[in-house]
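Reader: Hey, I'm new to this one. Could you walk me through it while I look?

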Amino acid sequence: MPSPGRSGAYEDPAAAVVAAAELLAVLHARGQDGVAPAVSPSQLRALLAVEGAEGANLRTLSGVLGARPSSVTRLCDRLEAMGLLTRSPHPSRRREVEVRLTPRGRELLAERRAVRVRELSAVLGRMAPDALDALVTGLGAFREAAEGPAASGGGPPGEDAQEDPAAGRGGPAEAAPGASMVPDSA
């Protein structure tokens, strides 16, 4: 819903964020072809989740990714075969398996980040200093709002809380405490 008093091409803040996210996806894809090994967006997302929850078990990883444990197991099979992560028995809970990045997996994430920083720096370098400051401030506030407690069910302020559709299906709402959601791409 448009907000009164806003100027610019996007009166609806959500539409502006969607447009920016789509552009970021395009910028993110640039230059990624040369980074080896080639990984799919879901594989990259899994690597980021493992990086953020090093030593997590497969159930926790499933919750963070919002995927079924069987799908995560197959995903980890492929990543392990590529030499990007390892699975090992938990030291004290024999039935649990821990997942960890390999040095090669860490290197791949570092290369992907370097490409993204280069592409984004080129765009940010063309922005006016005041606009860049406002962007950084706004992104910080956005991140805080996204990571903070969802007092109103995640909807816009003032809306009644709605039931979480992912609850009870092994979706993101059932992730382990402290586990953050992982973006679709790195």
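Reader: Which residue does Arg-87 form a salt bridge with?
Author: Asp-77 is the partner, and the closest N and O atoms of the pair are 2.5 Å apart. Keep in mind that this is a predicted model.

Reader: And where do Arg-87 and Asp-77 sit in the chain?
Author: Arg-87 is in strand β1 (residues 85-89), while Asp-77 is in helix α4 (residues 69-81). The two are 10 residues apart, and their pair links distant parts of the chain.

Reader: Which residues are joined with them into one network?
Author: Glu-80 comes in too: salt bridges that share partners join Asp-77, Glu-80 and Arg-87.

Reader: How many salt bridges does the count come to?
Author: Six. One of them pairs Arg-113 with Glu-51, with the closest N and O atoms 2.6 Å apart.

Reader: What does the side chain of Arg-106 meet in a salt bridge?
Author: That would be Glu-54, at 3.3 Å from N to O. Arg-106 lies in helix α5 and Glu-54 in the loop between α2 and α3, so this pair ties together parts 52 residues apart in sequence. Arg-106 is partly exposed at 40% relative accessibility, and Glu-54 is partly exposed at 28%.

Reader: Why can side chains like that pair up at all?
Author: Because they have opposite charge, and such side chains can pair when their charged atoms come close.

Reader: Okay, new topic: at roughly what angle do the axes of α2 and α3 cross?
Author: Roughly 120°, and the axes of helix α2 (residues 41-52) and helix α3 (residues 58-65) come within 10 Å. The two helices are therefore oblique to each other.

Reader: Is that crossing left-handed or right-handed?
Author: Right-handed, as α2 passes α3.

Reader: Which residues meet there?
Author: From α2 you have Arg-45, Ala-46, Ala-49 and Val-50, and they meet Leu-61, Val-64 and Leu-65 from α3. That contact divides into six nonpolar residues, no polar ones and one charged.

Technical notes
Residues are numbered from 1 along each chain as its sequence is written. This is a predicted model: local features need pLDDT of at least 70, side-chain atom pairs count only at pLDDT 80 or more; totals for chains, interfaces and linings use all residues. Side-chain values use heavy atoms; hydrogens and water are left out. Axes are lines fitted to C-alpha atoms, for helices over the stretch in contact, and angles run from 0 to 180 degrees between N-to-C directions. Helices (H or I, at least four residues) and strands (E, at least two) are DSSP runs, numbered from the N terminus. Angles under 35 degrees count as roughly parallel, over 145 as roughly antiparallel, 65 to 115 as roughly perpendicular and the rest as oblique. A crossing is left-handed if the near helix is turned anticlockwise from the far one by less than a right angle, and right-handed if clockwise. Contact means heavy atoms within 4.5 Å. Ala, Val, Leu, Ile, Met, Phe, Trp, Tyr, Cys and Pro count as nonpolar, Asp, Glu, Lys and Arg as charged, and the others, Gly among them, as polar. A salt bridge is a side-chain nitrogen of Lys or Arg within 4 Å of a carboxyl oxygen of Asp or Glu. Buried means under 20% relative accessible area, exposed over 50%, partly exposed in between (1.4 Å probe, protein chains only).
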